[in-house]
Amino acid sequence: MEETATSIESKEYFVNMGPQHPSTHGVLRLMLTLDGEIIKKVEPHIGYIHRSIEKMCEKDSYQQIVHLTDRMDYLSCHMNNEAVCLTVEDALGLEVPEIVKVIRTIISELTRLSSHQLWWGVMGMDLGAITTFLYGFRDREMIIDIFEETCGARLTMNYNVPGGLMFDIHPNFQKRTKDFITHFKKKLPEYDELLTGNVIFVERTKGIGYLSKEDAISFGVTGPSGRASGFSCDVRKHNPYSAYAKVDFKEILLTEGDTFARYKARILEMWESMHIIEQLIDNIPEGEYFTKTKAVIKLPVGEFYQKVETARGELGVYIVSDGKKNPYRVKFRSPGFSNLSVLDHISRGCKIADLVAIMSTLDLVIPDIDR
Amino acid sequence: MSNEELKIFITEIVPDAVFEENKQFLLVTVNAEHILDLAGKLKNNAQTNFDYLFCLTGVDWLTYLSVVYHLKSITHNHSIVLKAKISDRVNPEIESVCSIWRTAEFHEREIYDLLGIRFNHHPDLRRLLLDDDWKGYPLRKDYADEANIVELE
Amino acid sequence: MTKEIHLPPDFPGTVERSPDGNFIVTSLDGVLNWARSNSLWPLTFGTSCCAIEMMAAGASRHDWSRFGFEVARATPRQADLIVIAGTIVNKMAPVLKRLYDQLGDPKYVVAMGACAISGGPFFYNSYSVVKGADHIIPVDIYIPGCPPRPEALLYGLMQLQQNIKDGKRATDRTQHTPDIINYH
C-alpha cells in the first residue's frame with residue numbers, strides 16, 4: 001500500500017511574530033500566512049512606537065525640533081539632526097563656516113560606521129552567531145567614546161544646531177579618530193571573513209529575497225538595500241551637502257539584489273566611510289564653530305525640503321512654514337518606512353528562517369518607521 | 001527637461017494648473033480629480049519619466065486639504081512637486097496612485113490614518129499607525145485633545 | 001577534623017560548629033532571596049533608544065552577566081525581570097500588560113529611561129504616549145536618563161538585587177488595577 005502525496009491535505013494558517021520578538025529589531029508585528037514552513041504573505045503591523053513626533057513639532061521652535069529627531073532613527077542620530085539643521089539653514093539663506101561642514105561630515109561618517117557595526121553584530125546574532133554581537137559592540141564602544149568626549153553624549157548626541165555646532169571639538173578628537181581608523185582597518189577584514197567565509201552564512205543568504213531594480217525604484221527602497229539592487233540613489237553623490245562635494249569616494253552599486261548583496265554593500269560602505277574620514281581628518285580648517293542666528297528663528301513663508309543619506313537610506317525633511325516661530329507642518333520621509341513596504345514582496349516563497357535573514361539585511365529601525 | 005518645458009507639458013494635460021517656483025523645485029497645484037491622469041502621464045512619458053516618488057505628504061490648510069507628491073526622474077535627473085487640492089473637508093477623497101508607484105501603498109495608508117483623506121482604489125486602506133478604533137484624525141488642525149495637547153496662544 | 005567552609009560575603013546565614021562536622025544555620029527566605037537576586041534573567045524587551053544602551057550593557061564592555069543576568073530569555077515564561085527600555089505608547093500598552101501577566105512570580109520590573117518613568121521628552125503635546133509605564137504595571141526601580149548609561153543601568157539593577165535580598169517588593173501585585181488598559 002502506498003501513501004501518495006495527494007492524500008495529505010494542508011491548509012494555510014496564521015502565525016503572529018508579535019511586537020516583542022528578539023529578531024524584529026524593535027516593536028514590529030508581522031502576521032505571517034504560512035503553508036507549512038513556506039511563507040505565503042507577510043503583513044506588517046506598525047504603530048507600536050508611534051510617538052506623534054510630527055504633531056509635537058508643530059508646537060516646538062526650530063531649535064527644539066532637532067532634539068526630537070534624535071529619537072527617530074537613533075543609530076544615525078547625527079545625520080537626522082543634520083537634516084533638520086540643513087533645512088533651516090537653507091531656508092534662512094545661512095552659510096555655515098567650512099569647519100562646521102567638515103566636522104559634520106566626519107561625525108556623520110563615524111555615525112555611519114557605528115551604525116553598520118551594530119547592524120553587523122546583530123545580523124550575525126539573528127542568524128545564530130552570537131560572537132559577532134560581542135565583537136561588533138566592542139568597536140562601536142570605541143566610536144562612542146569619541147562621541148562622548150566631543151559631543152557630550154553616547155547615543156542621542158544633539159551636536160548640531162541650526163547655524164553650526166553646539167561646542168568646539170575636543171583637542172583629542174583628531175588623534176582618537178585617527179587611532180580608531182588605524183585599528184578598525186585591521187579588524188574589518190577579520191570581521192568580514194568571519195561571516196563571508198562561513199559556508200552556513202553564505203548558504204542562508206545567497207539567492208534569498210531578490211529585489212529587482214525596477215521594484216526598488218517603485219517601492220522607494222534607498223540606502224544600501226536599494227544600491228545592492230543597482231538603484232543609484234546615494235544622496236551624497238546626487239545632491240551633495242556639507243563637505244561631500246570635495247571628497248572622493250565610490251558609490252557602492254551591486255547588481256545581484258539578494259540578501260548577500262545587501263550584506264556586502266554595507267561592508268563595502270564601511271570601507272568607503274573610512275576613506276572619507278581619512279581624507280578630511282588631517283585638514284580640519286580653522287574658524288568659528290557656529291554662525292550667529294536670532295534667538296527666535298522664523299522661517300520665511302513657503303516650503304523647504306532637504307535630503308541626507310543616513311545609514312539606512314534617504315531621509316527627507318519637509319517643512320512647511322507660515323512665517324511664525326513654529327513650523328506649520330513637518331514631515332519626515334524616513335528610509336525605513338519605504339524599506340519595510342518591500343518586505344512582503346520579496347519574502348513570498350521563503351521559509352521563516354529566511355525571513356529573519358531578509359529582515360536583518362533590510363536594517364530596519366522601527367522608531368524610524370513609526371515616528 | 002527644464003522647468004519651462006515641464007510647464008508646457010503639464011498645461012497640455014491639465015489646463016488650469018497653477019505654477020510656482022522656489023529655489024529647489026517647480027511646484028504644480030492641480031485639483032484633486034486630475035491627479036491620477038497627470039501622474040500616469042508624467043511617469044509613462046519617455047521624456048519626463050518620473051519613476052521615483054520620494055515623498056508623499058498630506059497638509060491641512062484649514063480651508064482645504066492637500067496631498068503633496070515629490071517626484072524625481074532617475075534617468076533624466078529632474079524633480080517636480082505636485083500638489084493636489086481637496087476642497088471637501090468633511091469627506092475628502094482622491095484617487096490612489098498605487099498602481100503607478102508602489103511606495104504609495106504605505107504612504108497613503110498613513111495619510112488616511114492621520115488626516116482622514118480617503119484614497120479610492122487603494123488595495124488595502126485601513127489605519128496604520130494608530131489603533132483600529134481610534135476616533136478622529138490627529139494631524140488635522142482642528143483635532144482637540146485637552147488632556148494631552150497644550151494649545152499655545 | 002573540621003573542614004573549613006567558605007561562604008560568600010553576603011550569604012544570609014552562619015556556620016555552627018559541632019564536634020563531628022559543621023552545619024549551616026540560615027533562614028529559608030533569606031537563602032531563597034539571595035539565590036533569586038543573583039540569577040535574575042531579563043526578558044528581551046526594548047522598544048526604542050534605551051534598548052541600544054541595554055544591549056550595550058549586555059555586550060562586551062559592560063558585561064551584565066557578571067552580575068547573574070546571564071541569559072536574556074525571549075519568552076516571558078522563562079524570565080524573571082522586565083526592563084522596560086523605551087517609550088510605551090497606547091497601542092503597545094496592552095501588550096506590555098499581557099507580557100507582565102505571563103511572567104511567573106516572583107517578578108520584578110525596572111523602568112529604564114525617562115520615557116518609561118514619565119513619558120520623557122514626549123510628555124507634552126503627544127497624543128499617543130503613555131506618561132509613564134507605572135500607569136500599566138507596578139515598577140520596582142526607576143533609572144533616570146535619556147538614555148541612561150550602561151553603568152547607570154547596572155547600578156539600578158544592583159539596587160534591585162539589594163531590594164530583593166532585603167525582601168522589599170513593589171505594591172501588592174494582585175491588587176493593582178491599571179488606569180488605562182481595558183484589555184480582555
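The structure is a predicted model, in which local features need pLDDT of at least 70 and side-chain atom pairs count only at pLDDT 80 or more, while totals for chains, interfaces and linings use all residues. Residues are numbered from 1 along each chain as its sequence is written, and chains are lettered from A and ligands numbered from 1 in the order in which they are written.

Chain B holds 3 helices and 7 strands, where helices (H or I, at least four residues) and strands (E, at least two) are DSSP runs numbered from the N terminus. Following the sequence, these elements come in the order α-β-β-α-β-β-β-β-α-β. The radius of gyration of chain B, taken over C-alpha atoms, is 16 Å, close to the 15 Å that the globule rule (2.2 Å times the number of residues to the power 0.38) gives for 153 residues, so chain B is as compact as a globular protein of that length. The C-alpha trace of chain B spans about 50 × 35 × 25 Å along its principal axes. Of the 153 residues in chain B, 39% are buried; a residue counts as buried if 20 or more other C-beta atoms, placed from the backbone, lie within 10 Å of its own.

Chain C brings in a division into domains. Domain 1 covers 1-37 and domain 2 covers 41-161, with bounds that come from an automatic or database domain assignment. Between the C-alpha centres of these two domains of chain C lie 34 Å. Strand S1 (residues 13-18) of chain C pairs with S2(C) in the antiparallel sense over 6 bridges; pairing requires that DSSP finds at least two bridges between two strands. Strand S2 (residues 21-26) of chain C is hardly covered, with 0 buried residues among its 6.

Finally, there is the meeting of chains C and A. Their contact takes 28 residues from chain C and 27 residues from chain A, two residues being in contact if their C-beta atoms, placed from the backbone, lie within 7 Å. On the side of chain C that touches chain A, helix H2 (50-58) and helix H3 (93-102) of chain C each supply at least two residues. H2(C) gives the largest share of that side, 3 residues.

Conventions:
A residue is buried if 20 or more other C-beta atoms lie within 10 Å of its own, exposed if 12 or fewer, and partly exposed in between; C-beta atoms are placed from the backbone.
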